[in-house]
Amino acid sequence: MGIRFLEPLALLLLLPWIAFTLWSFRADLRVTGVRKRWAVSLRSLSLLLLIAALAGMQWVQPLQRQSVIYVVDRSDSIIETPDTEAWLRASALAKDGDDYVGVVSFGLDAAVDRNPSIEGLNQLELQSGVNDRFTDLSRGLQLAAGLLPEGTSPRVVLVSDGQENAGNLLRQARLLKNSGIPVDVLQVPPSAKKDAAIESVKLPVKLYQAEKAPLEIEVVSTFAGTGELRIYEDDREVSRQSVQMERGDNRYAVQILAKEPGFHRYRAEIYQEGDEQAANNMGYAFSRVSGPPRILIAEGVSGSSTNVEEALAAGLIGSRTLPPEMLPLELADYAQFDSIVLNNVPATRMSEHQMSLIEQAVKDFGVGLVMLGGEDSFGMGGYFKTAIERALPVSMELEGKREIPSLGLILVIDRSGSMDGGKLELAKEAAVRTVELMRPKDTIGVVAFDSTPWWVVEPQKLDDPKKVTDLIRSIQPAGGTEIYTAVEEGYQRMLKVEAQRKHLILLTDGQSATTRSYEELAEKMAEGQMTLSTVAIGDADTGLLERLAKMAKGRYYYTNDQSTLPAIFSREAVMMARTYIVDQPFVPSVGQAGDWASMLREGTPQIKAYVAATPKPTAEVALASPEQDPLLARWQYGSGRAVAWTSDVTGKWSADWVNWASFPEVFSRIIKWTFPQFEAFPFEMDAQLNGDRMSLALKSMKTDIQGEVSIKITAEGQPAEVLKASPTVPGEYRADLQVKEPGVYLAQVQVTEGDKSGSYSSGFVIPYSPEFRVSDQGGEGKLKEVAELTGGRLLSWDKPEEVFGAEIPPKKQPHDLTRFLLITVLLLWLADIGVRRLNLTLRRRIIMGSFFLQKLKERETVQAAEMAAAASVNRLRQHKRSTKVIRTEQLSMQGRPLQRDTQNEAGNPSDDASSRGIQADSSPSNAAENEGLNRLLAAKNRRRR
């Protein structure tokens, strides 16, 4: 223990303090003698304590108890290590009983495995969850420093390989040094696994069509051998070659031919025999190929897109045609095209995922969308409440524009145990959508079946759609499968339904438990003017269901994708109306044609039929039918544009149009209107990875942007994320993205300035975690630097006891005395005032003390006299009462009546008083009474004085 001063220069004030004290004792002050000595002493002592407070006086106490926090690296780079938990437990056994130990785990973040306590680590298990894809040693040290208990000598033990890829270790080490916390390090030996990793993949981000460019791949290997290098373009393999790899860096180049314009993703994969780490065997790159526009055509009937392809070719627009089942399953594949054309494609031939990707490509990346009509398109194709309908300028519901025949519809839904999960949920959603398409005059019934049928909704008019949909959503799976009984039950109830058209829909994924005669049941349905459509899922009895639908004059559907069920049901409900197809010839009238007006003002050919639809409120109807139904409509949807042509392009409904000389020009202009509308000032994007954050820097040649800049990030299998870019300097912006998975990310930069907006599409690559990078240099040098900087030691795996075994200089804990000194100065100041202001000599103090004692004694005497007088009065009263009783008895014995003193009663009070006074004076009792009264009067008089 000892005393120290933080500001020793303040002690120079002691010189004037000594001079002041000597002067005060010698000077003539207003006080003298003892009072002077007391006053000068108190004032000098106060000044001395103030000087000590100004000098930062502290009391220093050495601390003998230790506290050690183990900081353990749990990142993915720690592949092979000795038993860390066993080492920690063994080292903690060497501590003294009152020493503290705690454990912290870290990766990118840090977590506490064991709070500091005097208990050992015998039951330690490292179980806290941390992000192991990165290594941030500074996070672990920072958390450990905050856990060290007060009143102990602190120490941190860092267990790591030192391969830092996030944070700043040395900066945190300097902070610990300033806090007096040494850091001992235990290096985890680098992994000795055989590993070959793709370090980088490079390709120019901009290419022209037919241009060749080298795809450069850098591979780092810890061992020599033969490997195989594979190159993929948009998940399509374009190259596979055998390569010879040496230990260290290996570089390869593969020529890439930019065949098709658009955004393309490239992936390189390396395979080497003996490689023990597969997480780093892939690398990514991307490029945007400039060239003529490309159109993706999905056709519902093979060969029906010839007129479309010829019209596009006449406008020098390239196209690719495929069936709807072959539509891409990744968003990046749609971003390669400028527009997507759906030519008479039913929704039942596309999955819900594919429709969602098309909508997202239009909304977020500006890809165009064109839907062409036909018997399987629009409402007839089952697009009600789908992602495609959201993107189109028309809705599929007719909204009461024409009289639709009343419909009686019974849904027969399999609810057996095999339908549990997504199948039954989508079946219920399909039934709900069907109900939403129906009118109040229609009749709906729902029968669910397992081993027996069960009426969920009894056949009834659709007066309360919500009640019906709530009942449908209550269906739960159970039991086996009995199809015939359920269909027959539906048929029997349909006989009682009054409707212009009667239809049943059967949905099942199983086999019927009985083999009764369905032919007889189908004949009865035909006699009752009913139709039956069947929907088979997965392992259903497809032969039976297809035969049953054919016999009952309905339609048969088979799907392995349960997400198509809502489209199938809604298509069935719409097809029963048949009034969706308007087959009356007419010449279209021109409406809100905008920039198309010039090509339509000279007139258009006749149309024979179209599919009725309803334009959305913000859509522009360029051509309309006499019923004001849209024939050609367009609108802006998000970043993209969409067009609806409700007639066909095969010639069945529009023979005059496809034979029209202006058809190729008109149709190509309609398609071109949907192309992405990008502004002329593109951004340059630079992406830098820092830990788990990807920093996106945007630079534009236009420095006077007044609006907002945002970046929409999209990757396969992940939801889109919108980042707001913050300006740094004029024309430059910055945004940060949380890293999730490696791969190629699409980025759409959106600039909004008032009513105008522009967008630019680009991309960037997020590589695999840096934890899996191959590095010949470990972190030993950095760990040694940390130990030297903080005064720590290099520990050994063989000697865990040395954590507590070495002599550790105790830490000195200071206690600030400033508050105590100032309080003491205040008390001394009050004492100084008392000595100077109160001039009391010894004689005056004695006299004042005697006076107070005398007063106290007199008060006690008066109180005693009052008590004695009160007692005498009480005795006198008792004596009078006893005397009166005796006298009364004597008079009674003598036979004399008791008489009062009539004279006194007549009015001579003075004589009565005189006689009473004489009697009192002549008796001993009266004498005692008088004495008590006199004492009482004397006491009262003294109190008055």
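Predicted model: local features only at pLDDT ≥ 70, side-chain atom pairs only at ≥ 80, totals over all residues.
Biologist: How many residues line the pocket, and which lie nearest its centre?

Modeller: The lining has 36 residues, and V205, F286, A687, F764 and V765 lie nearest the centre. The volume of this pocket is about 830 Å³.

Biologist: How do the lining residues divide into nonpolar, polar and charged?

Modeller: There are 21 nonpolar, seven polar and eight charged residues in the lining.

Biologist: Turning to K502, where does it lie?

Modeller: K502 is in strand β24, which covers residues 501–508. The residue is buried and has no salt bridge.

Biologist: What is the nearest side chain of opposite charge to K502?

Modeller: It is E498, 8.4 Å away. A polar atom of the K502 side chain does, however, lie 2.8 Å from the backbone oxygen of V497.

Biologist: Now the backbone: what is the phi of D235?

Modeller: D235 has a positive phi of about 65 degrees, although it is not a glycine. It sits in the loop between β11 (225–233) and β12 (236–245).

Biologist: And F378, where is its place?

Modeller: F378 is in the loop between β19 (368–372) and α9 (387–391). Its phi is also positive, near 50 degrees.

Biologist: Why does F378 count as buried?

Modeller: F378 counts as buried because its relative accessibility is 0%, and the cut-off for buried is under 20%. D235, at 38%, counts as partly exposed.

How values were computed. Residues numbered from 1 in each chain as written. Heavy atoms only, no water. 1 Å grid on protein atoms, 1.4 Å probe; cavity = no way out; pocket = protein on both sides within 12 Å on 5 of 7 lines; lining within 4 Å. Points joined across faces, edges and corners; volume = space filled by probe spheres on them. Nonpolar A, V, L, I, M, F, W, Y, C, P; charged D, E, K, R; others polar. Helix = DSSP H or I, 4+ residues; strand = E, 2+ residues; numbered from the N terminus. Buried < 20%, exposed > 50% of the residue type's maximum accessible area, 1.4 Å probe, protein only. Lys, Arg positive; Asp, Glu negative; His and termini not counted. Salt bridge = Lys/Arg side-chain N within 4 Å of Asp/Glu carboxyl O. Polar contact = N/O pair within 3.5 Å; in protein donor to acceptor, adjacent residues only side chain to side chain.
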